[in-house]
Amino acid sequence: MGKICLLFPGFGSQYPGMAKAITGKDIGNSKSLIGRASDYLNIDVFDMICNPENDSMLDSSELTAISLFVTSAFYFELLLERGITYDLLAGHSFGEYSLLYAANMLGLEDGLEVIRCWAEFTQSSSDEVCSVVAVNGLSAVKVEELMKGYNDIWISEINSNYQVVVAGLEGQVGKLSKDLQNAGAMGVVKLNMKVAYHTPYMQKAREKLGVLMSKMKFKEPNCYVITSKHGEPTKSIEPIIESLLYQTDNRISFVDIVRSLVELGVSKAYEGGPGRSLKGLTQTITSKIKFQAIV
């Protein structure tokens with residue numbers, strides 16, 4: 001029998017009312033998560049993640065991070081209450097922070113403190129005006145060829161064999177976007193982001209996060225974790241935190257994560273968060289992993 005993995009999504013999967021579908025379920029004590037988060041943050045988290053008319057998260061990286069973290073924790077608790085078992089945890093980009101809660105490395109309140117700091121540190125890491133685009137229909141190799149001559153833009157994410165994310169100086173990203181379209185890209189979509197995540201512009205954020213992580217009291221994970229930096233499953237704190245810091249200012253590859261899961265014999269996965277973005281990306285990489293719905 002194949003292994004089961006729980007995957008946590010990152011930025012881009014959020015949308016107003018994204019937790020509405022699960023808050024109406026009979027999920028027992030896990031409903032207290034939202035109350036605890038609201039009390040700790042002194043904001044109405046329920047309205048922010050369950051009200052389709054509340055789009056406040058879309059204009060704030062801090063509120064997006066909070067919303068994704070709490071919603072992913074909510075999905076995780078629902079999975080547990082339904083008796084769904086799993087063998088591995090993994091996350092895409094910010095999803096690696098969400099898995100800290102699922103792996104019991106941090107409690108809810110400590111997790112919220114970490115992601116609030118993450119949002120603050122990444123937001124203030126650079127004074128440059130940056131832009132981020134998703135490129136569809138071209139391989140990472142082809143995009144890198146077209147990027148020659150540009151000094152301040154990088155491929156920040158390799159999401160599938162034919163989707164990459166490019167981030168960096170706004171002016172250069174704009175010029176490259178035209179080159180990508182002329183080269184046959186099926187789409188070059190400007191994302192609602194002004195922070196060049198997973199690029200050298202995040203070096204100051206990485207330094208601050210390193211200091212923060214050194215002060216946190218993490219527990220040993222209660223489940224095997226696959227990180228974006230290490231393809232081997234681990235139950236140790238050090239490589240998980242090392243990966244979180246590494247991904248701050250370095251490219252991430254969801255393709256590599258999926259390939260590692262296939263090599264480990266994963267045949268079934270659950271998406272621990274809103275939307276079906278990871279399911280869609282995974283299906284372009286392999287047909288060996290089938291996704292099951294939590295709700």
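Predicted model: local features only at pLDDT ≥ 70, side-chain atom pairs only at ≥ 80, totals over all residues.
**Pockets and strands**

Student: Which element gives the most to the lining of the largest pocket, and with how many residues?
Tutor: Elements here are DSSP runs numbered from the N terminus: helices (H or I, at least four residues) and strands (E, at least two). On a 1 Å grid over the protein atoms alone, a pocket is an open set of points with protein on both sides within 12 Å along at least five of seven lines, a cavity is a set where a 1.4 Å probe fits but cannot get out, and lining residues have an atom within 4 Å of a point. The top contributor to this lining is α12, with four residues.

Student: What volume does the largest cavity have?
Tutor: Searching the whole structure turns up one cavity of 30 Å³ or more. Phe11, Trp118 and Tyr197 are among the residues lining the largest cavity. Volume is the space filled by probe spheres set on grid points joined across faces, edges and corners; for the largest cavity that's about 100 Å³.

Student: Which strand does β4 reach through a two-residue hairpin?
Tutor: Strands pair if DSSP finds at least two bridges between them. β4 has an antiparallel partner, with six bridges between them, and Ile158 faces Val164 there. The hairpin leads from β4 to β5.

Key:
Residues numbered from 1 in each chain as written. Heavy atoms only, no water.
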